[in-house]
Amino acid sequence: SDKPSLRRFYEHGPKLLVRRVISRQDRLLVAHTDERLVFKKDINPFIIVGDGWNLMFVLAVLNSRLLSYLYVNTSAIATKDDFRQTTLAELRRLPIPETDRADHRQRDLATLAGKMMQAQSALSCAKTAHEKTALERQIAATDREIDALVYELYGLSADEIKLVEESAAQ
């Protein structure tokens with residue numbers, strides 16, 4: 001209440017939530033919500049400003065292998081200790097390409113982000129081992145589709161893709 005300029009990050013409305021600690025697989029972990037929430041320092045809330053941005057598109061790009069690779073390899077704090085972390089300032093510097101809302105890649109990535117969210121939600125409710133395995137395979141396949149579209153969006157060569165993929169496999 002003593003910081004009214006921060007109120008919009010906690011009120012109702014679409015926002016991205018970036019986990020402060022990077023996963024053990026060196027991946028940024030980004031989620032979406034439109035709920036009213038209060039966050040502690042473990043979550044960084046982001047509100048996308050401007051009309052040209054599709055929130056689900058940005059969600060997909062931030063969760064891609066490429067952006068995780070770029071963050072981990074350019075961040076001073078990400079490599080500082082055993083628990084790699086994100087900072088607001090470094091996250092803001094990540095290169096999210098501006099595309100026209102009509103660009104099929106923006107639409108496709110937004111659709112895939114929605115598909116991923118549905119599959120993750122279904123996985124948390126799965127009751128049988130068979131159902132869990134099928135959903136885990138669907139999630140992995142969707143993740144690969146997102147990565148392929150992001151590589152195309154950024155214009156990566158085959159050698160650059162190989163570098164990112166090899167780094168992720170380690």
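These are my notebook entries on a few things I looked up in this structure, which is a predicted model.

**Entry 1: the sheet**

I began with the strands. There is an open sheet of 3 strands in the order E2-E1-E3, and the pairing is antiparallel. Which strands stand at the edges? They are E2 (30-33) and E3 (43-46); each has a single partner strand, so one side of each has no neighbour in the sheet. From one strand to the next, the twist averages 30°.

Then I checked how E1 and E3 are joined. I found 4 bridges between these antiparallel strands. I picked out Arg 19 and followed it across to E3, where its bridge partner is Ile 43.

**Entry 2: a helix across the strands**

Next I looked at H1. This helix lies across E1 and E2, and it runs at about 160° to E2.

**Entry 3: the nonpolar core**

How many residues does the largest nonpolar core have? I noted 34, and Leu 16 and Leu 109 are the ones with the most contacts inside it. Strand E1 (15-19) supplies at least two residues of this core, and so does each of the helices H1 (55-62), H2 (65-74), H4 (104-125) and H5 (129-154). The largest share comes from H1, with 8 residues.

I stayed with Leu 16 to see what it touches beyond its neighbours within four places in sequence. Its contacts include Val 30, Ala 31 and His 32. Also among them are Asn 44, Pro 45 and Phe 46, and then Leu 55, Val 58, Leu 59 and Leu 62.

Most residues other than glycine have a negative phi. Where is Asp 26 found? It sits in the loop between E1 and E2. I also looked up its accessibility: Asp 26 counts as partly exposed because its relative accessibility is 28%, and that class lies between the cut-offs of 20% and 50%.

**Entry 4: Thr 142**

Last, I went to helix H5, where Thr 142 is found. Is Thr 142 buried or exposed? It counts as buried, because its relative accessibility is 1%, and the cut-off for buried is under 20%. A polar atom of the Thr 142 side chain lies 2.9 Å from the backbone oxygen of Gln 138. Leaving aside neighbours within four places in sequence, I listed Leu 112, Lys 115 and Met 116 as the residues in contact with Thr 142.

How values were computed:
Residues are numbered from 1 along each chain as its sequence is written. This is a predicted model: local features need pLDDT of at least 70, side-chain atom pairs count only at pLDDT 80 or more; totals for chains, interfaces and linings use all residues. Side-chain values use heavy atoms; hydrogens and water are left out. A nonpolar core is a set of buried Ala, Val, Leu, Ile, Met, Phe, Trp, Tyr and Cys residues joined through side-chain atoms within 4.5 Å. Buried means under 20% relative accessible area, exposed over 50%, partly exposed in between (1.4 Å probe, protein chains only). Contact means heavy atoms within 4.5 Å. Two strands pair if DSSP finds at least two bridges between them. Axes are lines fitted to C-alpha atoms, for helices over the stretch in contact, and angles run from 0 to 180 degrees between N-to-C directions. A polar contact is a pair of N or O atoms within 3.5 Å; within protein, one must be able to donate a hydrogen and the other to accept it, and residues adjacent in sequence count only if both atoms are side-chain atoms.
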